[in-house]
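Me: I have a structure open and want to know what backs each label put on it. Let me ask, term by term.

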Amino acid sequence: MLGNVLVGLVALIHLYIVYLEMVLWDTPRGHKAFGLKPDFARASKSLAANQGLYNGFLAAGLIWGLWLGDNGYQVRIFFLLCVAIAGLFGAATVGRKTLIVQTVPAVLALAAVWAGW
């Protein structure tokens, strides 16, 4: 139960990231969320949308795993590992904020799912 709640939370975080990257990237809210300057945000808008799409696939995989119920255990584990690894890479290449926003929730959810909580 706790594992599913945490998986749902990670999926919601990624749906919000999709919204930030695909819709709000070139707005003051997007600038603040990602520490962007307006010129850079305008120039990189299509790259951000592409990145948002990938985050959407992560969210979709987590939601699919939840939808499958007990049969979705391996799906949830796989997509949580993908989120955690992407978060580690983001933390190493972009900034530590990614570690807190993406990796920590994924690892907590992974531990809860794996433990059967």
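Reply: Go ahead. This is a predicted model. By the ring-centre rule, two aromatic pairs are counted.

Me: Why is the pair of Trp-25 and Phe-34 called tilted?

Reply: Their ring centres lie 5.0 Å apart, and the planes make 40 degrees. Pairing needs centres within 6.5 Å, and stacked means under 30 degrees, edge-to-face over 60.

Me: What makes Phe-78 and Phe-79 an edge-to-face pair?

Reply: The angle between their planes is 85 degrees, with 5.1 Å centre to centre.

Me: How do you know whether helix H4 has the span expected of a helix?

Reply: H4 runs over residues 45-67, 23 residues in total. From first C-alpha to last, H4 reaches 32 Å. The expected span is 33 Å at 1.5 Å a residue, so the two values are close. After H4 comes Gly-69, with a positive phi near 65 degrees.

Me: Which residues of H4 are buried, and what covers them?

Reply: The buried ones are Ala-48, Gly-52, Asn-55, Leu-58, Ala-59, Gly-61, Leu-62 and Gly-65. Their cover includes helix H1 (2-22), helix H5 (73-93) and helix H6 (97-115).

Me: What makes up the largest nonpolar core?

Reply: This core has 15 residues. Val-7, Val-10, Leu-62, Leu-80 and Val-83 have the most contacts inside it. H1, H4, H5 and H6 each give two or more residues. H5 gives the largest share, six. Among the residues that Val-7 touches are Leu-62, Leu-80 and Val-113.

Me: Which residues lie nearest the centre of the largest pocket, and which elements line it?

Reply: Glu-21, Phe-34, Gln-51, Thr-98 and Gln-102 lie nearest the centre, out of 30 lining residues. H1, helix H2 (28-34), H4, H5 and H6 each supply at least two residues of the lining. H4 gives the most, with seven. The space in this pocket is about 850 Å³.

Key: Residues numbered from 1 in each chain as written. Predicted model: local features only at pLDDT ≥ 70, side-chain atom pairs only at ≥ 80, totals over all residues. Heavy atoms only, no water. Helix = DSSP H or I, 4+ residues; strand = E, 2+ residues; numbered from the N terminus. Buried < 20%, exposed > 50% of the residue type's maximum accessible area, 1.4 Å probe, protein only. Contact = heavy atoms within 4.5 Å. Phe/Tyr/Trp six-rings, centres within 6.5 Å; stacked < 30°, edge-to-face > 60°. Core = buried A, V, L, I, M, F, W, Y, C linked by side-chain atoms within 4.5 Å. 1 Å grid on protein atoms, 1.4 Å probe; cavity = no way out; pocket = protein on both sides within 12 Å on 5 of 7 lines; lining within 4 Å. Points joined across faces, edges and corners; volume = space filled by probe spheres on them. Lists of a residue's contacts leave out its neighbours within four places in sequence.
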